[in-house]
Amino acid sequence: MGSVLAGQHALVSGGGRGIGRAIASALREAGARVSIIGRNDAILQKAVLAGAADAAHPVDVTDETAVSEAMAGLAASRPFDIVVANAGAAESASFQRSDAALFRRMVEINLIGAVNCFRPALPAMVERGSGRLIAIASTAGHRGYAYVSAYAAAKHAVVGLVRSLALETARSGVTVNAVCPGYTDTDMVAGSLTTIAAKTGKTREEALMQLTRDNPQHRLITPEEVAAAVVNLCGPQSRGITGQSILINGGEF
């Protein structure tokens with residue numbers, strides 16, 4: 001992809017592994033300087049050493065003050081042109097077993113985590129008249145799934161945030177979008193397969209079939225497919241794309 005993003009500075013939360021690492025790597029390959037944040041410093045540093053990012057800072061994205069301070073330090077030499085709010089988590093339980101604390105956890109990491117990453121970067125973007133804010137949401141931000149009501153509610157909220165903020169920034173040169181993958185081949189999904197197999201007695205292959213049955217392509221999405229969509233949204237040719245929620249799910253509705 002060469003240097004389409006040369007001279008730009010990107011931040012990716014949850015950038016040490018899975019989708020976040022794939023996004024960081026793709027942005028760097030496109031020419032951007034990439035900073036990553038996340039909770040596990042060892043994982044972040046491995047990503048930097050592997051060439052997926054240029055700099056890293058450990059931080060919990062639910063901590064507003066800590067995120068703001070970390071981003072200020074990483075942006076000391078150049079403000080962020082791109083912010084990808086990727087950090088997230090999913091917990092599964094029936095609604096009757098999903099107490100308010102579970103809902104709060106899902107909202108804090110998936111929604112407030114995105115808010116905390118967007119807010120520090122936005123003023124400088126507006127001042128420069130350009131910028132890209134991208135949230136990694138989920139197919140669960142468009143439809144419901146049994147046993148993940150808290151997660152789906154939080155991801156619906158992320159999509160609502162993107163659509164509303166896009167209207168506020170429409171004339172500023174800043175675009176705000178969401179990328180919504182279906183089940184993706186990551187450690188998180190691998191853990192889900194283990195849980196399904198343990199709870200149901202199914203084999204991992206049967207558990208995988210259960211997860212992918214709603215995807216018409218009957219497969220997991222790859223992190224690289226998600227990353228490609230993010231890079232496309234960051235290019236100058238995408239300045240007219242804002243307030244969108246782009247599904248990457250093999251045609252699932």
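**Aromatic pairs and nonpolar cores**

Student: Is Phe 95 buried or exposed?
Tutor: In this predicted model, Phe 95 is exposed, because its relative accessible area of 55% lies over the 50% cut-off.

Student: How many aromatic pairs are there?
Tutor: The count comes to 2 aromatic pairs. Phe 103 is partly exposed, at a relative accessible area of 23%.

Student: And which residues form the pair with 65° between the planes?
Tutor: Tyr 145 and Tyr 183 do, edge-to-face and 6.2 Å centre to centre. This pair links distant parts of the chain, 38 residues apart: Tyr 145 is in the loop between S5 and H5, and Tyr 183 in the loop between S6 and helix H6 (187-200). Tyr 145 counts as buried at 17% relative accessibility, whereas Tyr 183, at 34%, counts as partly exposed.

Student: What lies over the face of Tyr 145?
Tutor: Arg 143 does, at 4.2 Å from the ring centre.

Student: Turning to the largest nonpolar core, which residues touch the most other members?
Tutor: Among its 44 residues, they are Phe 80, Val 83, Phe 118, Leu 133 and Val 176. Elements supplying at least two core residues each include helix H4 (100-128), helix H5 (149-168) and strand S6 (174-181). H4 gives the largest share, 10 residues.

Student: What does Val 176 touch?
Tutor: Leaving aside residues up to four places away in sequence, its contacts include Phe 118, Leu 133, Val 162 and Leu 165.

Student: Which residues are in the second core?
Tutor: That separate core has 32 residues, among them Ala 32, Leu 44, Val 226 and Leu 233.

Terms used. Residues are numbered from 1 along each chain as its sequence is written. This is a predicted model: local features need pLDDT of at least 70, side-chain atom pairs count only at pLDDT 80 or more; totals for chains, interfaces and linings use all residues. Side-chain values use heavy atoms; hydrogens and water are left out. A nonpolar core is a set of buried Ala, Val, Leu, Ile, Met, Phe, Trp, Tyr and Cys residues joined through side-chain atoms within 4.5 Å. Buried means under 20% relative accessible area, exposed over 50%, partly exposed in between (1.4 Å probe, protein chains only). Helices (H or I, at least four residues) and strands (E, at least two) are DSSP runs, numbered from the N terminus. Contact means heavy atoms within 4.5 Å. Rings of Phe, Tyr and Trp (its six-membered ring) pair if their centres lie within 6.5 Å; planes under 30 degrees apart count as stacked, over 60 as edge-to-face and the rest as tilted. A charge sits over a ring if NZ of Lys or CZ of Arg is within 6 Å of the ring centre and within 35 degrees of the ring normal.
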